[in-house]
Amino acid sequence: MYPNTPNPANSGQNPFMVQKEDEIDLKVLLFNYLQYWPLILAFMFAGLVSAFLFNRYATNIYSVQSSVLIEDEEPSLGMDLFESAGFGLQGKNNIENEIGILKSFSLAEETISELNLNVQYFGEGFITTNQLYDKLPIIVSVDWKQPQWVGGMFRIEVLDENSFELQIENDEFSIYDPADPFYKSKLEDASLKKSVYSFGEQIEEGNLFIKINSIYANPGENYQFRITDTPTLALKYKEELSVSPINKQASILSLSLETPVRRLGEDYINKLMEMYLKRELDEKNRASESTIRFIENQLLGISDSLEISENRLQQYRSENNVFNLSEEGSVIFERLQDLEKQKGETEVSLKYYQTLNSYLENSQGRVGSSIHYWGNRSFIKLFGQCLSRATSGSNSFKIQFF
């Protein structure tokens, strides 16, 4: 038979038809796995227990949020044109500036100093240790005027109501120097000369200056605490704090902080906002005080000027024998009225002279037969003399008085 000759036995089948695979028997597969049911149940139980323990002892992280309203500053000259055009430069700059202030190192440092967060306390549990914040069983007082051990962990075992045993749990200590707070040198060998101390006793071990007081610690209880300097804590909270506007057009900032101790986060956010508002108030008070000092200086200059003027007035009174300016002013005013009256009479006389002079020039030496005048007789006398000189040699001159 040739190689290409079709096989008669398969001549009835389609050579292009795909052959179906054998169907999987689920019953057989299930029975094959059921022989390992003890292991399956054990792994399921272990998974449930692990999930329970993780949820029970894992450290919870809380997100504490708050908001603050930023007052818009009054726009300077020309900035209203940009705002009306939709640029909003002034508001944006103001928001960015306030975000920078809220996330500033100095504000975080002031907040930590007010809350006294330099010592962190931990309570030992069956599996994990939890950070304590409220109702502390012990209080650790640190003398920050002296160089201190910072960064490591101490462990306290309460022996009785009056004494305790102090041990080093984590020896990763550094030496904090208050003279140079931003530089810390690593402590190579951290060890204590003795381990048992009394509550309220001053502990001085090398560069360690602390005092531990008991609040309600019971014998047999174990606690841990860590000492952290203020600059380190300020940098930590500065990085963990998130500040952002709620939207692009609003002037409200949202503050959020993630912390394992919810009450600690709430106190920090509240104190931070309090210190922020206090700083704003202090700036306004400084501006007001500067304005008041400026006004006081101006008033002082005016007072000096008034004092000089008063001295000059007194000198004028002494030199001119004037003691009551109101009476002297009344006399001067009456004298002025008399002068005004005389001025009016003189102006009338002058007008009469001018009229008479015009009449004499127009009449060419001839004068009317009668002149009527009611007024000053000295003037009439003087007029008569002038008229006599003007009409000398004439027999037709006559003056009548009424």
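Is R155 buried or exposed, and what is its relative accessible area? R155 is buried, with a relative accessible area of 15%, where buried means under 20%, exposed over 50% and partly exposed in between, for a 1.4 Å probe and protein chains only.

Before I go on, a word on the model. This is a predicted model, in which local features need pLDDT of at least 70 and side-chain atom pairs count only at pLDDT 80 or more, while totals for chains, interfaces and linings use all residues. Residues are numbered from 1 along each chain as its sequence is written, and side-chain values use heavy atoms, with hydrogens and water left out.

Let me turn to the charged pairs. Side chains of opposite charge can pair when their charged atoms come close. I call a pair a salt bridge if a side-chain nitrogen of Lys or Arg is within 4 Å of a carboxyl oxygen of Asp or Glu, and by this rule the count comes to 11 salt bridges.

One of them joins R155 to E124, with the closest N and O atoms 2.8 Å apart. R155 belongs to strand β6 (residues 153-158) and E124 to strand β2 (residues 119-124), so this pair ties together parts that are 31 residues apart in sequence; helices (H or I, at least four residues) and strands (E, at least two) are DSSP runs, numbered from the N terminus. E124, at 29% relative accessibility, counts as partly exposed.

E124 has a further partner, because the side chain of Q224 makes a polar contact with the side chain of E124 at 2.8 Å, a polar contact being a pair of N or O atoms within 3.5 Å, where within protein one must be able to donate a hydrogen and the other to accept it, and residues adjacent in sequence count only if both atoms are side-chain atoms. Q224 is found in strand β13 and is buried at 9% relative accessibility. Leaving aside neighbours within four places in sequence, Q224 is in contact (heavy atoms within 4.5 Å) with residues including Y121, E124, F154 and R155.

A second salt bridge runs between K184 and D229, whose closest N and O atoms are 3.9 Å apart. This pair links distant parts of the chain, 45 residues apart, with K184 in strand β9 (residues 184-186) and D229 in the loop between β13 (222-227) and α6 (230-240). K184 is partly exposed at 31%, whereas D229 is buried at 2%.

Finally, K271 and E274 form a salt bridge with their closest N and O atoms 3.3 Å apart, and both lie in helix α7 (residues 262-320), three residues apart, about one turn of the helix.
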